[in-house]
Amino acid sequence: MEKFSAPMALPPPDPQFVLRGTSAAVHTLHFSCGGPEPDIPLLFSGSENGFIHVWNLKTHRVDSALDGHGRKSVYCVETMGGKDRLLSQGRDQRICLWDLAEGRTSVTDSVFTEHVGFCRCSLLKVAQGRWLMAMAARSLEEVQILELPSKTSVCTLKPEVGAKLGMPMCLKLWQLNCGSQPVLLAGYEDGSVVLWNVSMGKVLSKLICHQEPVMSLDFDSEKAKGISGSSEKVLSIWSLNEQQNLQVYKTHELVNAGVSDITIRPDKKILATGGWDHRIRIFGWKKLKPLAVLDYHTATVHCVSFSDHSIPRERLLAAGSKDQRISVWSIYAET
Amino acid sequence: MAAAAAPPGLGLTLEPVLREAVAALDRAGVGESLAAALGAVRSSLAAAGGPAALGERERALFGAFLRSLVRAPGAALPEGVWQRCFLEGPPGLVFCVLLEALGSTGSGLDPREVVGVLEQFLQEGRLSALLWEVCQQQAQAGCPELQDALLNKIVCLPEHVSNKLQGKNPPVFLPQNYFPLLGDAVLQVLEKISDSLRGGLDCSISFVSHVLGKVCIHGRQKEILGVLVTRLTDLTKSDCMWQRICWRLVECVPDRWMEAVVLGFVQRAPGADTLSRLLGNLVVKNKKAQFVVTQKMLLLQYGHTTAVLQNLLGYLSLDGLRRTLLLRVLQELLETWSSSSAVKHSPAEQQLYISKAILICLSHLKEPEIDSCRHELLMSMMEGMKCHLDSSLPQLQRLGMVVAESISLKINTEGPVLKFEYEEDDETRELKSLLVQTPSFFVVPSLPDDESEKEGAALPLVPESSEKSHTAVPVMPDEELDAELDSDDDLLPYDMSEDKELKIKAPVYIRDCIEVLTGSRSEDVDKWEATVKALESLVRKNPAATREVSVELAKILLHLEEKTCIEGFVDLRQRAQVAVLTTDPIPVAEYLTSQFYSLNYSLRQRMDILDVLVLAAQELSCPKFHGNTKHSRAQKPCIQLPLGSDSSKDWRKIVDERIKSKTRRFSMGQSHVELVSCPNEFNSVAGYFFFPLIQHFDRPLTTFDLLGEDHLVLGRLVHTLAILMYLAVNTVAVTAMGKALLEFVWVLRFHTDSYVRQGLLSCISSLLLSVPMDRILADMTEELLETQSWLGDVMEKDPDGDCRRLALQNLLLMENLKKKLEAVPS
C-alpha cells in the first residue's frame, strides 16, 4: 500500500454525533435533507428488528418508528420524490411503499418479491411520479424491473443458460440523461458485474471484477466509471467505454477484507466504503486517493450514506453498524 | 507323387552311377576319377528330373553316397564339385546327412567345410525347398519320426553349429539372422502352398506349423514372427486364400506350442483387425488357444502392455462368435475385480492390469449387450467398489473409483452417473482414455498432449463465452488522461497510520480459552477463531497453568469441531493438542490412549489421537529443541505430519530415513556430528504412550473393530507403535516395549491388509534399531529367530512390493547386528 500519511497529517475526525436507540443492527440509511427551510432534515434507518426509524437531525431524536416488515430485518430504505413517500425492503420478502405525509405512517402498497437473499432494490425516477425499480426476483439468477407506482412488470433479466452467475447481489439502475435508455448494473454471486440493457433485456457487457460475490457497487454516469467491492481485500474500479464495454480501470488493495457498502457522494468528489473491519474509508473518487479511515464502530459497518443537503458545507456522512449505532460525520464538506 | 511321375528306366541309369561313385569314394582314389564320378552323379540326377524325381531306392542310395562323401577326407575331394552334390541333392536327405556329419566326431570332412556347405545351403534357399519337400511328403503321410527329427534339426541348427564350432560360427547361423531367414523360407513355402491350392492340389501345412510352433517355444518369436507377421499382414489384406492359409498355419500348431505362437501373434500384430485377419476364429476352434487368450493372458499374467491388451480384446470383439467370449471374459474380469480376496492379495500391478482390461472390454460393449448384463454389471460394480474403497492403499482406492465410474457411465445411459472426487494423475487419465474406443490401429494415448491441453485450459481465468466479456487486465489510463485536471489534490488526507490489519483480541489465559471453546455463544465466531489460533502458544508459554487443566483441555480439543472455515484448522488444533500433551505428558497420554479404545469416536478422531501421540513423542524425544526458546518451538514443530491418508507415507519415510541413517552409521563408523546432550524427556513417559495402545487391540467394540473392518486404523496404529518404538531408543522401558511389540507383530503377521503388514515390518525395524543388542539376545532370541524366518517368507512371497522391500531391509539390519556382534566379543 502506498503511504500517503504525511508527517503533518491531521488525525481523523470524530463523528459529528452518534444516533443510538435502534436496539438492533442498522442495515440501511437514507437522508432526506434537500427540502427548503421549514423542513426538518431527516435520516431514515432500517434495522434488523424490522423497524424503520425516522431521525430528526435537528434534535437527534427519533421522530417516529415504522413497523411494516413483520419484525424482519429492513435492508433498504429510499425516498420517492420527497420525504413523504418512502420505499422500504425487508427480509419478509416485501417491498413497501409508505405514505408519511401529515404525520401518517401507513403502507399504501407493497410488492411481494419472493426473493430470499438480501439484494437491495434500485430505484430510478424516469418521469414525474414514475419510477423504475430493479429487484432480485424469485428465480435465483433473475432480476425483475417494475414500474412504480403501477407495479407493472417491464421486463425480466435472465442470464443465458449456463452462464452460472449465481444470485444478483447488488443493483444500480441508471440512465445517462433524462429520457435516454435505462441501464442496469448488477453485481453477481460469482464476482462479475454485468451491464444490462433494460428495454431489450440483453447483456451488453460482462466483467469479472472479483473472485468472491460482489457485495456492493456504485456508478458515476458522468465519468462512466464505477466501483465495486466484495468480501475480498480489493476494491475494483471499472469503466464503461463508448462501445458499452466494461473494462477494469484499476484495483485498490485494502488492509482488511470485506466491503459491505460503497457510496459515491452525489457531487462525485469522494466516496465512502463500509468495511467488515468496522471502519469507514474515504477516498477521492477521481484517482481513488485514500483520504481517511474512520475508526469508530466496534462491529461490521453495514451501510454508508451521504446526505443530500443543498448547502455543501452542511453535507453529512452517516454509517450504520452491527453495533447498533449510527455515526454521523462531517468530512470534506467544505470542498 | 514324385516317384510315380518319374519315367521308368531313369532310375536304372542313376543307380549304377551312384554305386560307382560310392565305390570311387571308398577307394579314396585319385582326384581325377572321383571328380568324374561325382560329375556323373550330378548330370544323371539332373537328367532324372531333380531330387524330387527320386524313388525310394534311389534316395537310400543317394543317402549312402552322401554319407561316404562326408566321410571322405576333404583334401581328396574335388573342390566345388562335391559341394554341388549336396546343394542339388534332395534337401531333406542332404540336411540330415550334413547335420549327422556335424554331430559325428570321426574323421572325414572338416566341420568348417560342412558348415560352409550348410551356409551355402541356407543362402541358396534350400531351406524352403526342404520344408516344401516335407509338406509334399506329408500330404501322402510321410514318416512322422523322420519329420520330427528333421524338425528338431531345423529349429536347433544354430545351437548345433555353435556347439561344433565353439561359437565361431558364421553370422548366418546366429539366431538373430537364422530365424528371419527361416521365416522367409516359411513364407516361400506358404506361397507355394497357396499356388498349389489355387491349382486345385491338396497340400499339408502342418510341418510348417510345427516349425513355427517349435521356434516360438524356443523363444524366437521376435525373429520369426517379425518377418511373418509383417508380410502376412499385407498378404491377408485382400486375399481370402491367404487368410485361410494363415488361419490353418496357426490352427495346425500342436497344443503344446500354441501358447507361444498365439502370444507372439498378439504381441506383434499391429492392431486388432490385423490380428483378427491373421488368427481367424482360432480361439473358438482351439481350446488351448482359448485358454491362453481368455484366461492366461488376462487373469494369470499381468506384464503385457496396454497395446497388447487392446489387441487381444479388440480381436475378441471383432466377430460375433468371439463376442460371446468377450462377454465371458468381462464377467470373469469383473469377478476378480470385485473379489475382496483378490483385492487384498494380488499385487497392485495386477489389479491395474485387470482394471485396464475391464475398461477396454467396456469400450467394446454395445447397447444390447449392456442391456443383457446390466444387472450383473451393477452387482459387480457395487461389490468391487466396496472392496476397493475398503483398501487402505490410495492407488487401489482410486482404481476402484475409476472403474466404478466407468461401469456406471456405461450402464446408466440416462439418469445420474457415479462420480467420485479424486485427484487426476497420469494413471487415471490413461485408464479413462481406454474407455474411449480407439481406432483399430495402434493408438498409444498421447498423454503429453492431453496435459498441455489441460494446462492451457486451466490458465486463463477469463469467462469463456459472453459476447462482450473482457479479461480482467487493467486498462492503463493514458498519460494524457493523467494530466487532466482529474486529480484529488484538493483533498488533503487525514492520518491513516492507524489503519492496520484487524486483530481480534485473543484470550490471554488458558481458562478463558476453555470458556470460549466450550461456550455456546455462537456469535463470537471471531473470538473463537482467535482462540483456536492462539491456543498453542498460550499453552507453551504457561506450562503450569496448563497442567491444572490439561486433561480437560485435551478433551475439549479432541472433540473440537470446525465451526467456521479457518485456514489450517486441523493443523492448529493438532498443534494445540501436541502442546498440551508435551506439557503434561502422563495424564494426557493416559486420557488419549484410553479414548482411543473407547466408544463413540469416529475413525478420524481415533487417527487424530495417534497422530498427536506420535508428534508429541517426537517432540519429547528430540534433543534439538532444547536450548531454543519455547516460543520458537511453537512456531516450528519438529515434523509436520500432513493430515489425511497421506501421512502414512511420511511416517514410513521418516522411519526409512532413520533406518538409512542408522544403517550407514553401522557401516561407516561414527561420522555424525554429536548433538548437544540433554535428558530425553520421552524416557520417563514412553510407557504411558505405548502400552495402553498395544493392550486392547483385540477387543472389538460395537462401533470399533480393529481386527475386522477398521483395518485402516489398525494400520495407523501399527505405524504409530513403530514410531513410538523408534523414539523410545535409550529409554528404560525399551526392552519391555520391544518384547510386547514383538508379540504383537507375531499375532498380526498374516494380516491381509498390506498397509498393516508394512506397519508391522516397520515395527521390526524400529525394534532392531532401538532395543540394545544384548537385551535382544538375552530376552527375545527365540522370537527373533521366528521373526527372521517370517521375514524371509515375506521377502519371497508377499504380493506387495513395499512389504518385500521392508522385509529385505529388516533382514539386512539383522545381518548388520550379527556382524557387529561378531566384531565385539574380543
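Zoom out to strand E3 (residues 42-47) of chain A and you'll find six bridges joining E2(A) to E3(A), with the two running antiparallel. A word on terms: strands (E, at least two residues) and helices (H or I, at least four residues) are DSSP runs, numbered from the N terminus, and two strands pair if DSSP finds at least two bridges between them.

Before going on, keep in mind that this is a predicted model, in which local features need pLDDT of at least 70, side-chain atom pairs count only at pLDDT 80 or more, and totals for chains, interfaces and linings use all residues. Residues are numbered from 1 along each chain as its sequence is written, chains are lettered from A and ligands numbered from 1 in the order in which they are written, and side-chain values use heavy atoms, with hydrogens and water left out.

**The sheet around that pair**

Now colour the strands in the order E2-E3-E4-E5 (chain A): that's an open sheet of four strands with antiparallel pairing. Strand E2 (26-32) and strand E5 (61-67) of chain A are at the edges with a single partner strand each, so one side of each has no neighbour in the sheet. Neighbouring strands here are turned by 20° against each other on average, direction ignored. For angles, axes are lines fitted to C-alpha atoms (for helices, over the stretch in contact), and the angles run from 0 to 180 degrees between N-to-C directions.

Next, select E4(A) and E5(A), which run antiparallel and are joined by six bridges. Pick A:Trp55 and look across to A:Val62, its bridge partner in E5(A). The hairpin of E4(A) and E5(A) has four residues between the strands, and A:His60 takes a positive phi near 60° there.

**Two loops beside the sheet**

Which loop holds A:Asn49? Look between E3 and strand E4 (51-56) of chain A. The A:Asn49 side chain reaches the backbone oxygen of A:Thr22 at 3.2 Å and the backbone nitrogen of A:Phe51 at 3.3 Å. Neighbours within four places in sequence aside, A:Asn49 is in contact (heavy atoms within 4.5 Å) with A:Thr22, A:Ser23, A:Ala24 and A:Arg71.

Click on A:Ser23 from that list, and you land in the loop between strand E1 (17-19) and E2 of chain A. Its phi is near 50°, a positive value in a residue other than glycine. Most residues other than glycine have a negative phi, and most peptide bonds are trans.

For a peptide bond that is cis, go to A:Leu148 and A:Pro149, where omega is near 5°. A:Pro149 lies in the loop between strand E12 (143-148) and strand E13 (152-157) of chain A.

**Another open sheet**

Select E22-E23-E24-E25 (chain A), four strands in that order, forming an open sheet with antiparallel pairing. Its edge strands are strand E22 (259-264) and strand E25 (290-295) of chain A, each pairing on one side only. On average, neighbouring strands of this sheet are turned by 15° against each other, direction ignored. Five bridges link E22(A) with strand E23 (residues 270-275) of chain A, and the two run antiparallel. To see one position, show A:Ile262 opposite A:Thr273 in E23(A).

**Helix pairs in chain B**

Switch to helix H32 (residues 585-596) and helix H33 (residues 603-621) of chain B, which pack at about 155° with their axes 9 Å apart. That makes H32(B) roughly antiparallel to H33(B); angles under 35 degrees count as roughly parallel, over 145 as roughly antiparallel, 65 to 115 as roughly perpendicular and the rest as oblique. Their crossing is left-handed, meaning that the near helix is turned anticlockwise from the far one by less than a right angle (clockwise would be right-handed).

Last stop: helix H16 (residues 272-279) and helix H19 (residues 306-317) of chain B, packed at about 60° with axes 8 Å apart. That makes H16(B) oblique to H19(B), and the crossing is right-handed. Among the contact residues are B:Leu275 and B:Leu279 of H16(B) and B:Gly314 and B:Tyr315 of H19(B).

Conventions:
A polar contact is a pair of N or O atoms within 3.5 Å; within protein, one must be able to donate a hydrogen and the other to accept it, and residues adjacent in sequence count only if both atoms are side-chain atoms.
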